[in-house]
Amino acid sequence: MPSESRVTLVTLSESAVVTLAMAGNDAAFSELVARRQNMVRNLLRRLSHDKASADDLAQQAFVQAWKNIRSLRSAEAFGGWLRRIVVHTWLQEARKSQVQTVSLDETEILPSQNSFPGVRMDLEQALAQLKNPERVCVVLSYNEGLSHAEIAETTGWPLGTVKSHVARGASRLRELLSAYGEGS
Amino acid sequence: MSDDTDATLRRVFAESAETLDSAAFTVEVNARIGREKRLRRFGLVAAAVAAGLGAMAAAPLVSDTMHTISVGSMALANFGAGAVGPLGWLLAAGASVYAVVWVRP
């Protein structure tokens, strides 16, 4: 991609860049990847157990977005639309590989290790204990700041189901994090 | 759950967020998109080749059918035009059926 067009794209608003990408401009789509990778990769790192598979899924999600961007209704809806693709990419992968959460009985909760900032390690390990639906709902609620209705729209699950997943998941996460706090 | 607990969980998530912004990631996504494009082009070429081969394979059959219909039409024209009355039309129809069913190139 020529650096001149990249400089031009950087100055444009996101909806303008999305409109260009919807018209088939690959440089514009690349700019969207640069702008949104932080959100997408962070979200998938909360959902996945390891960083490598999270980044792999993030790339798959962006390729899906590139394939379907012409079906996007409006440029302003890009953020929510991309988040839906990310969540569904992860759910599909979780179903495929039958990702099983490790129960507390099977593993010892480790205190923070030196190679990671403590709070990040604690959160990763605590999230790994939650069931997949609870993890998705908790992450979308507390990491992304979505309302229950927005989570229901993103996941395609009924509102009541989302509410109970958030309540159960958050309660469990709180217990786990206080256990880490006592252990470290 | 209380607002305090909610706020605490939000803070834990916010504190653990990383800044993930690398050019290498964008390059990798672009490479995957490039592979998708090549696959798509290959699919289009394969479909075009398959359509061409299908047309070539069907050509003799189409030609045979068209020949039969044209023979039948000619028979109908010859007998029908010359005949006057129901017997003439009956003869024309019989000849047409004969031409379509039994006459082959």
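The structure, a predicted model, holds three aromatic pairs over all chains. Rings of Phe, Tyr and Trp (its six-membered ring) form such a pair if their centres lie within 6.5 Å; planes under 30 degrees apart count as stacked, over 60 as edge-to-face and the rest as tilted. One pair joins A:Phe62 and B:Phe25: the ring centres are 5.9 Å apart and the planes stand at 70 degrees, so the pair is edge-to-face. This pair crosses between chains, from helix 4 (residues 51-68) of chain A to helix 2 (residues 23-82) of chain B. Helices here are DSSP runs (H or I, at least four residues), numbered from the N terminus. A:Phe62 counts as buried because its relative accessibility is 1%, and B:Phe25 counts as buried at 4%; buried means under 20% relative accessible area (1.4 Å probe, protein chains only).

A:Phe78 and A:Trp81 form a tilted pair, with 5.9 Å from centre to centre and 40 degrees between the planes. Both residues lie in helix 5 (residues 78-97) of chain A, three residues apart, about one turn of the helix.

Helix 5 of chain A has 20 residues and reaches 28 Å from its first C-alpha to its last, close to the expected 28 Å, a span defined as 1.5 Å times one less than the number of residues. Its buried residues include A:Leu82, A:Val86 and A:Trp90. The buried residues of this helix pack against helices 2, 3, 4, 7 and 8 of chain A, where contact means heavy atoms within 4.5 Å.

Residues are numbered from 1 along each chain as its sequence is written, and chains are lettered from A in the order in which they are written. Local features need pLDDT of at least 70, side-chain atom pairs count only at pLDDT 80 or more, and totals for chains, interfaces and linings use all residues, while side-chain values use heavy atoms, without hydrogens and water.

How values were computed. Helices (H or I, at least four residues) and strands (E, at least two) are DSSP runs, numbered from the N terminus. Buried means under 20% relative accessible area, exposed over 50%, partly exposed in between (1.4 Å probe, protein chains only).
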